[in-house]
Amino acid sequence: MTNIAPTPNDLVTEVALNQQAVSTSNAATPHEEATLRRKPTTLPQTTENESCLVQIYPADVIAGMLLLEQAEFSVGRSPDADLSLSDSSVSRQHAKLIRSENSYVIRDLGSTNGTLVNETLIDTDYTLRTGDTVRIGSFLFRFLSAGSVETQYHETVYSALTRDALTGTMNKRYLLESMNREVSRSSRSATELAVIMIDIDFFKSVNDTHGHLVGDQVLQTFGKRVGDLCRSDDLLARYGGEEFCLMLSATGREEAFEMAERCRRAVGEKAFETSAGDLTVTASFGLSILDPKKPTTSTELLEAADQQLYHAKHGGRNRVCG
């Protein structure tokens with residue numbers, strides 16, 4: 001398997017520069033022990049017969065594009081693996097990819113934490129299709145089949161620039177750009193705008209007790225539960241780590257408070273299913289409201305919501321303040 005550079009056209013050049021900014025300032029910090037050991041190789045171009053894996057979490061869609069060349073290769077923590085992942089949640093001999101007639105088959109090798117395709121554990125050989133996600137430990141890859149690499153790669157990069165790969169929510173960069181526009185629009189139209197900052201309570205203890213893989217499962221379930229309650233014009237984004245932000249257009253304080261309460265109950269009233277068993281998870285919420293008659297920036301709106309979140313955390317957690 002070889003690391004390859006994307007096709008050198010204007011689109012890839014632009015998204016590569018943007019991706020570097022995202023990885024530096026907005027992407028979630030990868031676990032310190034989770035690194036991909038790459039073997040030095042040349043950088044060939046893809047052909048219509050070659051498939052790829054694109055590393056989308058931790059975010060590295062530019063340098064993390066991996067060309068699949070071998071008929072069969074291994075993935076694991078062992079430095080001798082063809083794809084070596086230095087991550088405590090990856091087994092030394094974790095999985096194997098095998099070239100089939102039209103694609104690749106992935107096989108789990110009895111790993112401790114399992115191999116997930118599209119977030120579902122596999123227990124038999126699975127034939128990969130373009131767009132499938134493959135989770136091995138803390139790493140998340142997208143499989144691009146032969147013949148669709150170039151088109152799908154551009155779509156994958158665009159998604160990485162706007163969405164958090166782990167939770168499926170929008171990312172911080174997209175949130176801040178959208179909030180700047182929404183603050184201006186709300187001020188012009190004299191409508192209210194609500195911002196809710198959300199923080200998962202005692203999340204560090206989940207990671208410390210059960211490991212980062214379980215922590216990732218909690219983040220995924222959290223994003224889905226809150227996202228399922230959002231209206232079509234609401235914007236839910238992962239702000240960083242275990243902190244999220246929910247922006248509600250044309251929404252006043254009473255309605256925003258009710259929304260935050262619904263989210264709080266959805267999180268806390270049903271246990272989270274994880275590989276470590278069912279876990280009780282709660283979250284704290286702080287909200288602020290844009291007064292269209294008072295000049296306010298998006299930064300001030302976020303700071304006001306963050307201050308209310310501080311009150312919720314120090315007032316006992318699992319509550320809404322604002």
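Hi everyone, let's start with a pair of strands: E5 and strand E7 (residues 95-99) pair in the antiparallel sense over 4 bridges. Two strands count as paired if DSSP finds at least two bridges between them. The names come from DSSP runs, numbered from the N terminus: helices (H or I) have at least four residues and strands (E) at least two.

Before I go on, this is a predicted model, where local features need pLDDT of at least 70 and side-chain atom pairs count only at pLDDT 80 or more, while totals for chains, interfaces and linings use all residues. Residues are numbered from 1 along each chain as its sequence is written, and side-chain values use heavy atoms, with hydrogens and water left out.

Back to E5. In this strand, Glu 72 has Ile 98 of E7 as its bridge partner. E5 is also joined by 2 bridges to strand E6 (residues 83-86), and these two run parallel; there, Gly 76 is partnered by Ser 84 of E6. Strand E5 (residues 72-76) is mostly covered, with 4 of its 5 residues buried. Buried means under 20% relative accessible area, exposed means over 50%, and partly exposed is in between (1.4 Å probe, protein chains only).

Now the whole chain. It has 7 helices and 20 strands, and 51% of its 322 residues count as buried.

Next, a sheet. 5 strands form an open sheet in the order E15-E16-E14-E19-E20, with mixed pairing. Which are the edge strands? They are strand E15 (235-240) and strand E20 (320-321), each pairing on one side only. Inside the sheet, E14 and strand E19 (residues 283-290) run antiparallel and are joined by 8 bridges; Ile 198 has Phe 285 of E19 as its bridge partner. Helix H7 (residues 298-314) lies across E14, E15, strand E16 (243-249), E19 and E20, running at about 145 degrees to E19. Such angles run from 0 to 180 degrees between N-to-C directions, and axes are lines fitted to C-alpha atoms, for helices over the stretch in contact.

On to helix H4 (residues 203-210). Its buried residues are Phe 203, Val 206 and Asn 207. Why do they sit on the same side of H4? Because they cover an arc of only 95 degrees around the axis, the arc being that of the directions from the helix axis to the C-beta atoms. An α-helix has 3.6 residues a turn, so residues three or four places apart point the same way. On the other side of H4, we find Lys 204, Asp 208 and Thr 209 exposed. The buried residues of H4 pack against strand E14 (193-200), H5 and strand E18 (277-279), where contact means heavy atoms within 4.5 Å.

H5 leads us to a helix pair. The axes of helix H5 (residues 212-229) and helix H6 (residues 253-268) come within 9 Å and cross at roughly 140 degrees. From H5, Phe 222, Arg 225, Val 226 and Leu 229 make the contact, and from H6, Met 259, Arg 262, Cys 263, Ala 266 and Val 267.

Tyr 57 and Pro 58 are joined by a cis peptide bond, with omega about -10 degrees, and Pro 58 lies in the loop between strand E3 (51-57) and strand E4 (65-68). Glu 119 is not a glycine, yet has a positive phi of about 65 degrees. Glu 119 sits in the loop between strand E9 (115-117) and strand E10 (120-121).
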